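Dear colleague,

Here is the structure I promised to hand over. Please open it alongside this note; what I found follows below.

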Amino acid sequence: MHYIFILFLLLISAPTLAKQKLVFATHTRPPLSLYLKEVMQEALSPYAITVEVIEMPGSRVIAQVNNGEVDGDLCRVKNFTEISDDDTSNYLRVNEAMVLTEIVMITLANKKIIRPITRESINLGKVAFQRGSKTIRLHVDEQNRVALSTSLQVLEMVANNRVDAAIMFESVAQDLLSNSPELNEQLLIQRPALTAFHLYAYLNKKHADLVPKLEFSLRDLKKNGFLEKTAAKYHVIPAAL
């Protein structure tokens, strides 16, 4: 009888235990996704919630977050629900930015470019980018787009002189170049950045009660220096207070 009672307690507590993990989907790649996961985990730890992050194509992220298959979208731009072509009616923004990200142009190191770097100057030739990010794609005119499956393929297209330039998140470009001496010698991240913007987490509406808690935690992490310290580890730019 004693063992039956213990089993009963375990069974009725299982749903409660399951609620202690939130699953976020993201279309971003390391190191940015690693930084965001660490920040999100720290922000949710006061509420005894663990975080799991799943990488998938951008369109799948939106569908699964909006229909509640996963709990949240790890990062999107502030006006994402306004510009998205997909249904985001169940998206709730956590109104505290997590990171400032830059979109940069990468060319051959010896290439002469027209300055200032603008949408118009980038579109003077073929431009490679990783498919899945509407924010990046919108900077490239349709006739100039060369969409590829990975960021590494994007940089290799530039190195092999098969496109005129590439655009991608600066943190991703830095990570790839630091891990590839050959590409680092051949290519150059052109400055200044084409644009910069903050990224925000989004939750499915079923977690509306968590939004103010997350906002409070993220502000606290900015005040105590956690965001700045973690950003330095992953070579990204933390969002300021």
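**Helix α11 and its packing**

The buried residues of α11 pack against α2 (32-44), α10 (211-223) and β10 (237-238). Buried means under 20% relative accessible area, exposed over 50%, and partly exposed in between (1.4 Å probe, protein chains only). Contact means heavy atoms within 4.5 Å. Helices (H or I, at least four residues) and strands (E, at least two) are DSSP runs, numbered from the N terminus.

This is a predicted model: local features need pLDDT of at least 70, side-chain atom pairs count only at pLDDT 80 or more, and totals for chains, interfaces and linings use all residues. Residues are numbered from 1 along each chain as its sequence is written, and side-chain values use heavy atoms, with hydrogens and water left out.

Back to α11, which spans residues 226-234. Its buried residues are Phe226, Leu227, Thr230, Ala231 and Tyr234. Seen down the helix axis, these fall within an arc of 120 degrees, so they line one face of α11. The arc is taken from the directions from the helix axis to the C-beta atoms. Glu228, Lys229 and Ala232 are exposed on the face turned away from the buried side. Just after α11, His235 takes a positive phi of about 60 degrees.

**Core**

The largest nonpolar core has 78 residues. Such a core is a set of buried Ala, Val, Leu, Ile, Met, Phe, Trp, Tyr and Cys residues joined through side-chain atoms within 4.5 Å. Tyr35, Met40, Leu44, Ile167 and Leu187 touch the most other members. Strand β9 (residues 187-204) gives the largest share of this core, 10 residues.

What does Met40 touch? Leaving out residues up to four places away in sequence, Met40 touches Phe24, Val51, Leu74, Met98, Ala201 and Leu214.

His139 sits in the loop between α6 and β7 (145-148). His139 is buried, with a relative accessible area of 18%. Its contacts, again not counting residues up to four places away in sequence, are Ile103, Arg119, Asn123, Ile167, Leu194 and Thr195.

**Cavity and pockets**

The search ran on a 1 Å grid over the protein atoms alone. A cavity is a set of points where a 1.4 Å probe fits but cannot get out; a pocket is an open set with protein on both sides within 12 Å along at least five of seven lines. Lining residues have an atom within 4 Å of a point. Grid points are joined across faces, edges and corners, and a volume is the space filled by probe spheres set on the points.

One cavity of 30 Å³ or more turns up. The largest cavity has a volume of about 60 Å³. Its lining is Leu32, Val99, Leu100, Thr101, Glu102, Glu170, Ser171, Val236 and Ile237. Two or more of these residues come from each of β5 (99-108) and α8 (170-178). β5 gives the most, with four residues.

The largest pocket has a volume of about 320 Å³. Of its 21 lining residues, Arg76, Phe80, Gly132, Ser133 and Lys134 are the closest to its centre.

The second largest pocket has a volume of about 260 Å³. Of its 17 lining residues, His27, Arg29, Gln130, Arg131 and Gly132 are the closest to its centre. Strand β8 (residues 165-169) gives the largest share of this lining, three residues.

Best regards
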